[in-house]
Amino acid sequence: MHHLLITNIGKLFGIEKSGQEKKWRKGSEMAVLNTIEHAWLYLEDHKIHSFGKMDDMDFFPAENVYDAEGRSVLPAWVDSHTHLVFGASREQEFVDRIHGLSYEEIARRGGGILNSARRLNDISEEQLYDLSCERLHRVMCQGTGAIEIKSGYGLSLYGEMKMLRVIRKLKEHHSIPIKASFLAAHAYPPEYRQDHDGYLKLIIEQMLPQVADEGLADYMDVFCEKGFFSADETARLLEAGWKYGLKPKIHANQLHRSGGVQVGIQHKAISVDHLECIGDEEIDALKNSETIPTLLPGAAFFLGISYQPARKLIDADLPVCLATDYNPGSCPSGNVPLLLSIACTQMKMTPEEAINAVTLNGAAALEMSQEIGSIAIGKKANLIVTKKIPSAAYIPYDFGNNPVDRMLVNGVFL
Ligand code: NIG
Ligand code: FE
């Protein structure tokens, strides 16, 4: 049986005592990142077996000991919203935005998501896999130990299946948990611009049955937004997804107050993601639901739009989640440490809140908080061993730098 004892851990962050494990941390609980100073951690059979203070270490296996020499350990990031499978970068649109065009204007001219759809259809499935693999490895080196990846740049039966097959192959060849979301409703393809009903039918009658039949997706996603999919269209798609057992996780309220949050909640979405444009009505609706508010401030940063009201959501006692939104248009970075810096400086989340938001609450947004997201007995040993850092706050403080020294996946060093 595989086992590893880590000794002399400077700080063991994100612990949960046996029997006190939570599904998520909400409201004021988010400010608490339980920590043991000068700790040991024992991993067995790819899972967390036990942990404690060095002073009280009760056993000393002779082999497989790693002396952390004061480095810290914390649960790996759970990035619950990405579009990591894409064909090509879109830096021309970045330059166009600098010159004054908005994200929506670029989309109306056939750029944006439609640009990515063209680029995706230009390359082979093998090339797409290789590019995606490279990106996945890069974010794993920055601490990501579980991830969600969406389709949505295919926009045709063939293209969407190609993306989902690439995600499935990533799942097969990587030992971190990967969840797939079906996002054919990301934009109307040009041939359906005047025929919304036709595209919805294509998704509902042709794509969904095949996706479900091959077990290619875990979740149903829709870009609910003015100029993209209306709240009514979103409702129709989410109902269809549920018929195939796909729970909703949707894009809501990024650019407008489009009713996305409410329609997500009405359809029992696991999470509603983005939330740049929300007010008291949306917050009240969230309070009366089990739906997680997931904030993607990396996209707000890169598009130069207003940030999500993280403090208001935390004050409303909600379990706020953070994710990167890694995609070629609105956030070409899957770097979670940088996301933490943005969350702290721009949304005034504390470092502890931000870390909880992208560990335990990220796990909850993928329905995996019983398996990952904290240092708790029996959880999967997907962990970050940091460089020598003085505190948890140092991680977002040291912005632009990588806090990760080594990654453990299933108890094994990468
Ligand atoms: O989450 N908003 C919709 N989807 C992505 C952006 C996709 C793109 O521009 O390629 C997002 O921001
Ligand atoms: Fe997104």
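How far does a polar side-chain atom of His-83 lie from an oxygen atom of ligand 1? The separation is 3.5 Å. The structure is a predicted model, in which local features need pLDDT of at least 70 and side-chain atom pairs count only at pLDDT 80 or more, while totals for chains, interfaces and linings use all residues. Residues are numbered from 1 along each chain as its sequence is written, and side-chain values use heavy atoms, with hydrogens and water left out.

**Polar contacts and burial**

- A polar contact is a pair of N or O atoms within 3.5 Å.
- An N or O atom in the side chain of Arg-90 is 2.7 Å from an oxygen atom of ligand 1.
- A nitrogen atom of ligand 1 lies 2.8 Å from a polar side-chain atom of His-186.
- Ligand 1 taken alone exposes 330 Å², of which the protein buries 100%; accessible areas come from the Shrake-Rupley method with a 1.4 Å probe.

**Domains**

- The protein is divided into domain 1 (3-75 + 373-413) and domain 2 (78-364), with bounds from an automatic or database domain assignment.
- Their contact (heavy atoms within 4.5 Å) takes 34 residues from domain 1 and 34 residues from domain 2.
- The C-alpha centres of domain 1 and domain 2 are 30 Å apart.

Notes: Chains are lettered from A and ligands numbered from 1 in the order in which they are written. A polar contact is a pair of N or O atoms within 3.5 Å; within protein, one must be able to donate a hydrogen and the other to accept it, and residues adjacent in sequence count only if both atoms are side-chain atoms.
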